[in-house]
Amino acid sequence: MRWKPFAALVAFSLLLGAANNFVNPNRVPWQGSPEVLPKPEGWPTMSIADGAKAGAEHAWDLLRKNPTWIAGALILLVAGYAFFHSRPASRRRWILTWLRALFGLMFLAAAWPKFSDPDGFAMMVAQYQMLPAFSVHAFSLWLPALEVTAGLALLLSPWEKEASALVGLMMLMFITALAQALLRDLGIACGCFDIKGATDAGESWFALLRDIVLLVPIAWMWRRAETRFIWKF
């Protein structure tokens, strides 16, 4: 992996986060933190086994509600794999392209609610009770900008390995933050794609399980990555 492109992506995300705070009507102070709210009433205390079960049930509900999108993505993957059946290198690159598009779009979709509302996202970050109070506002500016940067890098840049590393590091960050909040029984809402967060504990456990599962294709993508644009096979 080349460190200069990686550092350039991180630097761009810092500048993007700062620029967003200058122009965003929902800007936040550069230092400090919102208040930590009481645990939601009625939020269930779950063991790891109960949480895993609730997360799996939520995942099944999502699969049943979105069969067209899931089937379409899988059909596209299989069709490209079949098209390149006689060219192993191109076949591998097709899978990488499919994963880059999937994660690129996913991170852009996840970033938008947070990027457009730093104040609301800072409130959610504070509830994780993981960062020093002085750094919560700054982090709430930087993380969505980093997600935007990673998404755009996967879709538009030739830095496949560096963008994959950025995605993997963020996923480890998400897993650590969510796991400690669930194990401490903070009544946390994930807020991955919506800063309003989860509506029940099952959604938060699902988010943790989803991120752990997604580490596998991200690790493969990083290991197999090349220096190429997404449309080069």
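Which residues does Arg 228 touch, not counting residues up to four places away in sequence?

View 1. Arg 228 touches Arg 93, Leu 96, Thr 97, Arg 100, Ser 157, Pro 158, Glu 160 and Phe 233, a contact being heavy atoms within 4.5 Å. At 6% relative accessibility Arg 228 counts as buried (under 20% relative accessible area, 1.4 Å probe, protein chains only). The residue lies in the segment after helix 8 (201-224); helices are DSSP runs of H or I, at least four residues, numbered from the N terminus.

This is a predicted model, in which local features need pLDDT of at least 70 and side-chain atom pairs count only at pLDDT 80 or more, while totals for chains, interfaces and linings use all residues. Residues are numbered from 1 along each chain as its sequence is written, and side-chain values use heavy atoms, with hydrogens and water left out.

**View 2. Side-chain partners of Arg 228.** The side chain of Arg 228 makes a polar contact with the side chain of Thr 97 at 3.0 Å (a pair of N or O atoms within 3.5 Å; within protein, one must be able to donate a hydrogen and the other to accept it, and residues adjacent in sequence count only if both atoms are side-chain atoms). The Arg 228 side chain also reaches the backbone oxygen of Lys 232, at 2.6 Å.

**View 3. Packing of helix 4 (residues 88-116) and helix 6 (residues 136-156).** The two helices pack at an angle of about 155°, with their axes 8 Å apart; axes are lines fitted to C-alpha atoms over the stretch in contact, and angles run from 0 to 180 degrees between N-to-C directions. Helix 4 and helix 6 are therefore roughly antiparallel to each other (angles over 145 degrees).

Terms used
Buried < 20%, exposed > 50% of the residue type's maximum accessible area, 1.4 Å probe, protein only. Parallel < 35°, antiparallel > 145°, perpendicular 65-115°, else oblique.
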